[in-house]
Amino acid sequence: MKINGATKVCGLLAYPVEHSVSPTIHNYLAKKLGINLCYVPLPVKDGDIQTAISGAHSMGFFGMNVSVPYKEKVFSSLSEIDELAQKIGAVNTLVSCTGGFKGYNTDMPGLMRAFDSDGIVVEGRAVVLLGAGGAARAAAYLCGEMKASNLYIVNRTLEKAEQLSLELMKEYPQMKVTALLLKDYDKIKENNLLAIQCTNIGLYPDMEKAVIEDEGFYQKVETAYDLIFNPSETKFMKLAKNQGATGYHGLKMLLYQGIIAFELWNQVSVPEKLAMKTYEKMKEALGIDE
Ligand code: NAP
């Protein structure tokens with residue numbers, strides 16, 4: 001890569017940030033598409049996010065990604081917020097605009113493209129969301145957009161699941177939505193479920209845990225989608241596979257949320273063939289062999 005006076009600089013605001021695979025996505029896409037862009041990890045400590053965003057604008061940063069723990073905290077530092085990000089309540093992409101940055105959520109459309117790529121059908125289906133945090137909120141709105149018939153939001157903190165279910169019932173009246181406490185998962189009676197795992201449980205290094213351990217739950221699951229991608233086979237996926245379900249990890253969601261951010265910054269369309277090559281590069285960077 002040739003860095004010169006015209007190089008567009010993008011970065012990831014997060015903490016910690018050193019293990020991020022996002023630089024692999026964006027620097028590879030820039031190289032392959034011949035765009036003079038450089039993407040760097042930016043470790044921002046708690047309390048500094050507002051200063052970091054206004055500094056990035058002053059220094060002419062072209063675009064930014066935002067990850068843990070700032071997806072909600074950035075709202076007050078933005079000049080504009082896209083409607084979808086506002087509804088979801090989480091921003092993961094900033095696009096330079098007059099006076100600062102506009103915030104977008106590309107996690108939701110990223111998961112939509114990942115489902116599309118993996119052939120996962122949501123329309124007319126009963127879906128169980130495990131979790132009610134930022135990622136679960138993106139997945140919940142996706143279920144509404146993709147016309148799930150029945151959505152269970154199962155969370156450790158019932159109030160968060162209830163709040164999300166109220167919002168969804170208003171936005172998608174055709175979808176039946178039920179909020180449940182995590183320990184009440186056995187109240188779900190449907191079979192052939194699409195279960196989307198949106199909690200932190202099972203994430204490296206706590207790989208021996210799953211949010212639900214009971215094999216009776218997994219007997220009802222047909223498709224088990226974990227948003228976690230490290231490890232590439234989580235305990236949640238293993239438990240579901242043991243009962244005959246198909247299991248997926250969250251690396252394709254990460255790929256497509258990155259691709260959509262790249263498309264927003266550069267006003268380009270990334271061809272599917274290049275998306276798949278980028279996916280191979282990500283797997284290489286993470287040491288995933290499958
Ligand atoms: P978050 O907003 O902090 O939400 C965390 C969720 O996990 C909440 O529902 C929380 O329940 C639940 N939880 C945490 N610890 C728990 C425990 N010990 N027992 C039961 N539930 C527990 O986090 P997030 O941003 O939504 O991220 C969630 C996961 O999605 C992370 O693993 C992240 O890596 C993954 N993710 C993946 C992608 C991707 O591109 N593949 C994108 C975004 C996120 P309470 O509400 O009760 O606290």
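In this predicted model, a polar backbone atom of Gly250 sits 2.9 Å from a nitrogen atom of the ligand. Leu227 also uses its backbone: one of its N or O atoms lies 2.9 Å from a ligand nitrogen atom. Thr157 instead presents its side chain, with a polar atom 2.5 Å from an oxygen atom of the ligand. Taken alone, the ligand exposes 920 Å². The protein buries 77% of that area.

The shell around the ligand holds 22 residues. Those that come nearest are Ala135, Asn155, Thr157, Lys160 and Gly250. By class, the shell comprises 10 nonpolar, eight polar and four charged residues. Two elements give two or more residues to it: helix H5 (134-145) and helix H9 (251-266).

The chain is divided into two parts. Domain 1 covers 8-105 + 252-286, and domain 2 covers 109-249.

The C-alpha centres of the two domains are 25 Å apart. The domains also meet directly. On the domain 1 side, 16 residues are in contact with 17 residues of domain 2. The size of an interface is often given as the accessible area lost when the parts come together. Here, about 1,500 Å² is buried between domain 1 and domain 2. Carbon and sulfur atoms give 65% of this area.

Most residues other than glycine have a negative phi, and most peptide bonds are trans. The peptide bond from Val68 to Pro69 is cis, with omega near 5 degrees. Pro69 lies in the loop that runs between strand S3 (63-66) and strand S4 (80-81). A cis peptide bond also links Asn230 to Pro231, with omega near 10 degrees. Pro231 is in the loop between strand S11 (221-226) and helix H8 (235-242). Lys147, a residue other than glycine, has a positive phi, near 60 degrees. Lys147 is placed in the loop between H5 and strand S8 (150-155).

How values were computed. Residues numbered from 1 in each chain as written. Predicted model: local features only at pLDDT ≥ 70, side-chain atom pairs only at ≥ 80, totals over all residues. Heavy atoms only, no water. Near = heavy atom within 4 Å. Polar contact = N/O pair within 3.5 Å; in protein donor to acceptor, adjacent residues only side chain to side chain. Areas by Shrake-Rupley, 256 points an atom, 1.4 Å probe, with all protein chains shown as cover. Helix = DSSP H or I, 4+ residues; strand = E, 2+ residues; numbered from the N terminus. Nonpolar A, V, L, I, M, F, W, Y, C, P; charged D, E, K, R; others polar. Domains from an automatic or database assignment. Contact = heavy atoms within 4.5 Å. Buried area = accessible area lost by both parts, 1.4 Å probe.
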